[in-house]
Amino acid sequence: MKSRIKRQIVSVSRRTDIPAFYAEWFINRVRAEYCVVVNPFNANQLSYVSLKPKDVIAFVFWTRNPQPLIKYLPELDKRKYKYYFQYTIIGYPKEIDPKCPSLDPAIKTFRELSQLIGKGKVIWRYVPM
């Protein structure tokens with residue numbers, strides 16, 4: 001019987017900032033090699049997503065704070081996953097954006113991440129509120 005699972009690009013965090021708030025959950029799902037995703041328009045519809053390295057073309061991380069995930073990147077590398085970051089840096093004051101790093105730490109993390117994984121795998125994006 002043929003497998004129904006196709007290789008795919010896994011977009012991580014379009015609905016919530018997984019690297020910033022759920023890095024440990026994410027790496028545990030990688031270790032389990034699957035996750036189940038709830039359809040946001042129909043809570044009764046669940047989708048199985050294979051996270052086996054052979055099924056994942058790449059992870060795309062959308063985040064405003066990759067710092068909590070950085071410690072897990074060597075494990076992703078060891079497991080031979082490909083990935084890159086869409087990194088949003090806005091620099092709004094804490095009164096407007098209390099859970100996002102301020103501008104200087106965000107830029108420092110951007111540089112650190114770029115040096116760690118390569119500048120071609122970290123894309124800066126600006127998304128105004």
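**Before you start.** You are looking at a predicted model, in which local features need pLDDT of at least 70, side-chain atom pairs count only at pLDDT 80 or more, and totals for chains, interfaces and linings use all residues. Residues are numbered from 1 along each chain as its sequence is written, and side-chain values use heavy atoms, with hydrogens and water left out.

**Stop 1: the whole chain.** The chain has 5 helices and 6 strands, counted as DSSP runs numbered from the N terminus (helices H or I, at least four residues; strands E, at least two). Follow the sequence and you will pass through the pattern β-α-α-β-β-β-α-α-β-α-β. Along the principal axes, the C-alpha atoms fill a box of roughly 55 × 35 × 20 Å.

Of the 129 residues, 39% are buried, meaning under 20% relative accessible area with a 1.4 Å probe and protein chains only.

**Stop 2: the largest pocket.** Now select Ser11, Ile18, Trp25, Cys35 and Val37, which lie nearest the centre of the largest pocket among its 21 lining residues. A pocket here is an open set of points on a 1 Å grid over the protein atoms alone, where a 1.4 Å probe fits, with protein on both sides within 12 Å along at least five of seven lines; lining residues have an atom within 4 Å of a point. The volume is about 490 Å³, taken as the space filled by probe spheres set on the points, which are joined across faces, edges and corners.

Next, colour strand S1 (8–12), helix H2 (23–32) and strand S2 (34–39): each supplies at least two lining residues. Which element gives the largest share of the lining? That is S1, with 5 residues.

By class, this lining has 14 nonpolar, 4 polar and 3 charged residues. Nonpolar covers Ala, Val, Leu, Ile, Met, Phe, Trp, Tyr, Cys and Pro; charged covers Asp, Glu, Lys and Arg; the others, Gly among them, are polar.

**Stop 3: the second largest pocket.** Select Arg14, Arg15, Asp17, Trp62, Arg64 and Arg125, which are among the residues lining the second largest pocket. This pocket has a volume of about 230 Å³, and its lining holds 3 nonpolar, 4 polar and 5 charged residues.

Stop 4: Finally, select Cys35 and Cys100. Cys35 is buried at 10% relative accessible area, and Cys100 is buried too, at 7%. How many disulfides are there? The count is 0, where a disulfide is a pair of cysteine sulfur atoms within 2.5 Å.

How values were computed:
Buried means under 20% relative accessible area, exposed over 50%, partly exposed in between (1.4 Å probe, protein chains only).
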